[in-house]
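Please look at the sequence and the structure below before reading on.

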Amino acid sequence: MNSGYTKAVLALGSNLGERNDTLSGAVADLVDPPEVRLLAVSPVVQTKAVGGPPNQPDFLNMVLTVETSLTPRELLAHCQAVENKHHRVREVRWGPRTLDVDIITYGDLRSDDPVLTLPHPRAASRAFVLYPWSLIEPAATLGGERISSLAASAADFDDLALFDGFGDFDGVSTAGAVDER
Ligand code: AMP
């Protein structure tokens with residue numbers, strides 16, 4: 001890492017509209033400024049909505065790691081601008097939203113500020129953050145614990161599935177399923 005750049009972990013989620021297109025566009029927008037350099041992008045996972053109103057569409061979630069010369073507050077403002085660009089709709093707390101971007105970690109910074117709490121206060125209990133993160137950073141820890149172990153013991157772990165980009169029908173993959181040889 002070059003000096004002046006700090007590593008950050010970002011978590012993205014979408015459960016409204018063209019969810020996969022939204023995530024792809026959001027990744028491109030997040031790493032568009034030269035102040036934010038992409039390090040790694042996780043696979044997309046599909047998860048049941050946690051909390052909030054019943055019968056919400058499933059979420060698609062993913063994690064990216066970046067290095068940035070933005071301050072934590074500048075990075076938060078940048079993430080919120082990307083959310084807004086994707087016409088985020090959020091009328092109900094924990095309700096459906098086109099795009100949610102959370103900062104999970106910013107270097108080793110710890111902050112209790114409600115405007116930007118770091119590490120993200122709920123990350124350690126969310127398999128939909130921990131699992132995709134563990135796929136790109138298997139050795140990462142949060143609060144001294146391996147994120148893969150935290151993922152496996154999170155309440156939502158059993159609701160996760162890898163998203164193949166083509167959806168499924170009654171649990172059977174449709175067009176574009178990976179060719180098994
Ligand atoms: P939500 O979009 O529901 O996740 O919540 C957004 C609010 O959480 C904003 O007002 C942020 O200022 C605040 N917030 C606190 N800590 C964080 C964080 N680590 N990442 C993103 N938003 C945060």
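In this predicted model, helix H3, which spans residues 127-136, is largely enclosed by the rest of the structure, because eight of its ten residues are buried. The buried residues are Ala127, Phe128, Val129, Leu130, Tyr131, Pro132, Trp133 and Ser134. Their packing partners include four strands, namely E1 (6-14), E3 (45-47), E4 (59-68) and E5 (100-106). Helix H4 (147-152) also packs against the buried residues of H3.

**The setting of the helix**

The protein contains four helices and ten strands. Along the sequence, these elements follow the pattern β-α-β-β-β-α-β-α-β-β-α-β-β-β. Of the 181 residues, 32% count as buried. Among contacts with a separation of 6 or more, 65% are between residues 24 or more positions apart.

**Strand E1 and its partners**

Strand E1, one of the elements against which H3 packs, is itself mostly covered, with seven of its nine residues buried. E1 runs antiparallel to E4, and nine bridges join the two strands. E1 also runs antiparallel to E5, to which six bridges join it. Within these pairings, Ser14 has Leu60 as its bridge partner in E4, and Gly13 has Asp100 as its bridge partner in E5.

Val9 lies in strand E1. Is Val9 buried or exposed? Val9 has 26 other C-beta atoms within 10 Å, and because the threshold for a buried residue is 20 or more, Val9 counts as buried. Leaving out residues up to four places away in sequence, Val9 touches Val63, Thr65, Ile104, Thr105 and Trp133.

**The nonpolar core**

The largest nonpolar core has 38 residues, of which Leu10, Leu12, Val63, Ile103, Val129 and Leu130 touch the most other members. At least two residues of this core come from each of E1, helix H1 (19-30), E4, helix H2 (72-85), E5, H3 and H4. In general, nonpolar side chains tend to be buried together in soluble globular proteins. Apart from neighbours within four places in sequence, Val63 is in contact with Val9, Leu10, Ala11, Ser42, Val129, Pro132, Trp133 and Ile136.

Pro43 is located in the loop between strand E2 (36-41) and E3. Pro43 counts as partly exposed, with 14 C-beta neighbours inside 10 Å. Once residues up to four places away in sequence are set aside, Pro43 touches Pro132, Leu135 and Leu162.

| Residue pair | Separation in sequence | C-alpha to C-alpha distance |
|---|---|---|
| Val9 and Trp133 | 124 residues | 8.3 Å |
| Pro43 and Leu162 | 119 residues | 7.4 Å |

**The surroundings of the ligand**

Which residues are found around the ligand? They are Leu76, Asp100, Asp102, Ile103, Val115, Leu116, Thr117, Leu118 and His120. Strand E5 gives the most to this shell, with three residues. By class, the shell has five nonpolar, two polar and two charged residues. One of the residues around the ligand, Asp100, is also the bridge partner of Gly13. Ile103, another residue around the ligand, is among the core residues that touch the most other members.

Note on methods
Residues numbered from 1 in each chain as written. Predicted model: local features only at pLDDT ≥ 70, side-chain atom pairs only at ≥ 80, totals over all residues. Buried ≥ 20, exposed ≤ 12 C-beta atoms within 10 Å, placed from the backbone. Contact = placed C-beta atoms within 7 Å. Near = placed C-beta within 6 Å. Nonpolar A, V, L, I, M, F, W, Y, C, P; charged D, E, K, R; others polar. Pairing = 2+ DSSP bridges. Core = buried A, V, L, I, M, F, W, Y, C linked by C-beta atoms within 7 Å.
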